[in-house]
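Let's take a quick tour of a protein model together. Have a look at the picture first, then read on.

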Amino acid sequence: MLLTGMSKADGYLQFITVLLLFVFVLAITYITTRWIANYQKGKAAGSNLEVIETMRITSNKYLEIVRAGNKYLVIAIGKDEVHMMAELSEDEIVYLKEDRPQMDFKSILDKLKEHGAKNDD
């Protein structure tokens with residue numbers, strides 16, 4: 001009887017240890033990912049290249065408006081090639097105002113949780 005009690009305690013202790021290690025690895029992974037993302041974002045800041053707009057033509061072909069320095073270029077991107085189609089002036093570029101708010105993963109997850117809670121009621 002006493003031995004089974006000790007083995008249960010050992011089992012619980014092993015489970016808690018594994019759970020704590022798992023949470024620790026998740027935390028380290030999260031911190032590392034955030035650090036790398038901020039590092040890469042900092043390197044990209046001040047860049048002379050910017051994709052203004054992308055439009056899919058077929059499953060593997062796109063048209064993009066790209067700002068390179070002070071020039072705006074329309075490029076066609078295929079599976080194995082990139083072609084410059086035209087050069088635009090800054091006056092020809094029309095920026096659309098987006099009325100919808102930018103959503104991050106947390107806000108999407110919160111909306112899904114709310115939707116799931118409503119369905120449970």
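Here is a short briefing on the sheet and on a surface patch.

Keep in mind that this is a predicted model. Its 4 strands make an open sheet, lined up in the order 1-2-3-4 with antiparallel pairing. There is also a helix, helix 1, which covers residues 2-44.

**The sheet as a whole**
- Strands in a sheet hold on to each other through backbone hydrogen bonds, and they can pair parallel or antiparallel.
- In this sheet, the pairing is antiparallel and the order is 1-2-3-4.
- Strand 1 (49-58) and strand 4 sit at the edges with a single partner strand each, so one side of each has no neighbour in the sheet.
- On average, neighbouring strands of this sheet are turned by 20 degrees against each other, if you ignore direction.

**From strand 2 to strand 3**
- Together they form a hairpin with 2 residues between them.
- Look for Gly69 in that turn: its phi is positive, at about 70 degrees.

**From strand 3 to strand 4**
- Strand 3 (residues 71-77) and strand 4 (residues 82-88) are also antiparallel, with 6 bridges joining them.
- This pair makes a hairpin too, with 4 residues between the strands.
- Ile77 stands opposite Val82 in strand 4.
- Val74 has its bridge partner in strand 4 as well, namely Ala86.

**A nonpolar patch on the surface**
- Now hop over to Phe15, Ile16, Leu19, Leu20, Phe22, Val23 and Leu26, which form a nonpolar patch on the surface.
- Taken together, these residues have about 710 Å² of accessible area.
- Phe22, one of the patch residues, is found in helix 1.
- Why does Phe22 count as partly exposed? Its relative accessibility is 49%, and the label "exposed" is kept for values over 50%, while "buried" means under 20%.

Terms used
Residues numbered from 1 in each chain as written. Predicted model: local features only at pLDDT ≥ 70, side-chain atom pairs only at ≥ 80, totals over all residues. Heavy atoms only, no water. Pairing = 2+ DSSP bridges. Axes fitted to C-alpha atoms, helices over the stretch in contact; angles between N-to-C directions. Patch = residues over 30% accessible without salt bridge, like charges linked within 9 Å, V, L, I, M, F, W, Y side chains within 5 Å. Areas by Shrake-Rupley, 256 points an atom, 1.4 Å probe, with all protein chains shown as cover. Salt bridge = Lys/Arg side-chain N within 4 Å of Asp/Glu carboxyl O. Buried < 20%, exposed > 50% of the residue type's maximum accessible area, 1.4 Å probe, protein only.
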